[in-house]
Amino acid sequence: MNYLSARCRSVTPYVAGEQPRGSVFVKLNTNECPYPPSPAVEKVLKDFDAGVLRLYPDPDNAALKDAVAKKYGLKRENVFVGNGSDEVLALCFPTFFDEGDAVAFADVTYTFYKVWAHAFGLVSHVVPVNDELKISAEDYLSLPSKVKGIVICNPNAPTGMPMPRADLINIISSNPDKIVIADEAYCDFAQESMIGYLNDFPNLVIVKTLSKAYALAGARCGFALASPELIAGLNTVKNSFNSYTVNAVTEKLAVAALEDAPYYAAVADKIVRQRETTSDALRELGFEVLPSRTNFIFAGHKKIPASEIYFSLKENGVLVRHFKADRINNFVRITIGTPEQMNVLLDKVKKLLKGKL
Ligand code: PMP
């Protein structure tokens with residue numbers, strides 16, 4: 001007897017990046033922030049009254065929604081929050097699409113979109129990126145009518161490359177009958193958010209996270225911004241699944257983080273500058289480095305296969321990410337760390353190129 005559903009048996013789950021415990025790895029594989037959260041966040045954690053944990057958290061997370069709304073000049077009704085943006089993105093699928101509907105996204109993008117499409121009984125309409133590995137807006141302007149939604153990661157992962165805002169506007173305005181989900185997980189390093197356009201487009205859903213630029217990956221907090229109607233739909237689906245997705249500790253930490261804009265602006269600035277320094281250094285060593293607007297770079301070398309780079313670095317204590325997928329299997333994705341971490345990386349890479357690692 002097989003007690004598992006046919007869908008469970010057929011879905012191939014997403015594989016998260018390695019999270020080695022207690023080792024000495026220079027960890028550049030899951031796009032975490034190399035700097036700690038703001039001192040205000042640390043203070044909230046230190047002062048947290050454990051007695052509060054006796055009670056369930058606010059099922060509406062009103063304080064957190066208000067902090068998000070305030071930061072982006074929106075209303076609470078425009079904000080949905082969840083246990084990481086993965087959960088927020090996942091809930092978008094059953095909220096906006098019915099079983100059998102198709103959802104369009106790129107072949108080279110965040111691989112979780114395909115997993116969610118399958119998990120929720122949808123059809124993946126996969127659109128190849130162009131020869132430069134960029135998402136081309138024109139490929140999304142006359143999609144088949146069975147396609148009910150489009151997911152665009154901007155800037156894209158794992159390439160790190162952004163789509164010009166005008167192109168994204170073109171996609172959204174040319175598809176008024178389809179939901180367009182803009183995954184802005186890495187937008188804080190690119191300054192090309194679509195938030196200013198929310199009122200213009202009733203079909204736009206923007207999804208953001210506190211895991212990257214806000215250094216809160218371990219707290220799990222993400223959010224969606226959209227019209228009150230779309231947000232109400234997300235709340236309906238969430239409340240048909242779990243009333244308490246954002247816990248009491250995370251809610252307070254997230255509010256403190258969102259209120260400390262200057263600290264995080266400085267962190268993003270350091271990461272962006274380090275990204276450019278490291279990209280230049282790798283190019284000088286003969287790497288092709290795609291022009292990134294994120295906190296990671298996607299780089300490959302003609303002389304050494306990316307899989308070898310990945311394994312050699314790992315054996316020598318530096319963890320980067322390698323995807324075996326077509327078209328990108330000769331690149332490694334390297335998260336931008338501190339200057340010290342990037343020096344270790346460059347040192348190992350130089351030795352590898354000399355055959356001395
Ligand atoms: N979107 C993209 C493009 C990502 O790379 C990630 C991180 N793996 C997420 C969403 C999810 O991040 P989180 O659940 O930590 O908010």
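1. In this predicted model, the cover over the buried residues of helix α3 includes strands β2 (79–82), β7 (204–209) and β8 (222–225), together with helices α7 (228–238) and α8 (248–259). The residues of α3 (62–72) that are buried are Ala62, Leu64, Lys65, Ala67, Val68, Ala69 and Tyr72. An α-helix has 3.6 residues a turn, so residues three or four places apart point the same way. After α3 comes glycine 73, which has a positive phi, near 65°.

2. Which strands pair with β13, and in what sense? Strand β10 (residues 296–301) pairs with β13 in the antiparallel sense over four bridges, and strand β12 (residues 321–322) also pairs with β13 in the antiparallel sense, over two bridges. Valine 332 of β13 has alanine 299 standing opposite, and histidine 322 likewise stands opposite valine 332.

3. A parallel pairing is found between strands β3 (residues 102–106) and β4 (residues 123–127), which are joined over five bridges. Within this pair, alanine 104 has histidine 125 of β4 as its bridge partner. Strand β3 is mostly covered, with five of its five residues buried.

4. Is glycine 317 buried or exposed? Its relative accessible area is 17%, and because buried means under 20%, glycine 317 counts as buried. This glycine sits in the loop between α10 (306–315) and β11 (318–319). Leaving aside residues up to four places away in sequence, glycine 317 touches Val24, Phe25 and Val26. Alanine 157, by contrast, lies 160 residues from glycine 317 in sequence and 24 Å from it in space, C-alpha to C-alpha.

5. With a relative accessible area of 12%, glutamine 274 is buried. When residues up to four places away in sequence are not counted, glutamine 274 touches Ile336, Gly337, Pro339 and Met342.

6. Turning to the whole chain, the protein has 11 helices and 13 strands. The radius of gyration is 21 Å, close to the 21 Å that the globule rule gives for 357 residues, so the protein is as compact as a globular protein of that length. The C-alpha trace spans about 60 × 55 × 55 Å along its principal axes. Of contacts between residues at least 6 apart in sequence, 71% join residues at least 24 apart.

7. As for burial and surface, 52% of the 357 residues count as buried. The protein exposes about 16400 Å², and carbon and sulfur atoms supply 53% of that area. There are 40 positive and 40 negative side chains, and the centres of these two sets lie 5 Å apart.

Notes:
Residues numbered from 1 in each chain as written. Predicted model: local features only at pLDDT ≥ 70, side-chain atom pairs only at ≥ 80, totals over all residues. Heavy atoms only, no water. Rg over C-alpha atoms; globule rule 2.2 N^0.38 Å. Buried < 20%, exposed > 50% of the residue type's maximum accessible area, 1.4 Å probe, protein only. Contact = heavy atoms within 4.5 Å. Areas by Shrake-Rupley, 256 points an atom, 1.4 Å probe, with all protein chains shown as cover. Lys, Arg positive; Asp, Glu negative; His and termini not counted. Charge placed at Lys NZ, Arg CZ, Asp CG, Glu CD. Pairing = 2+ DSSP bridges.
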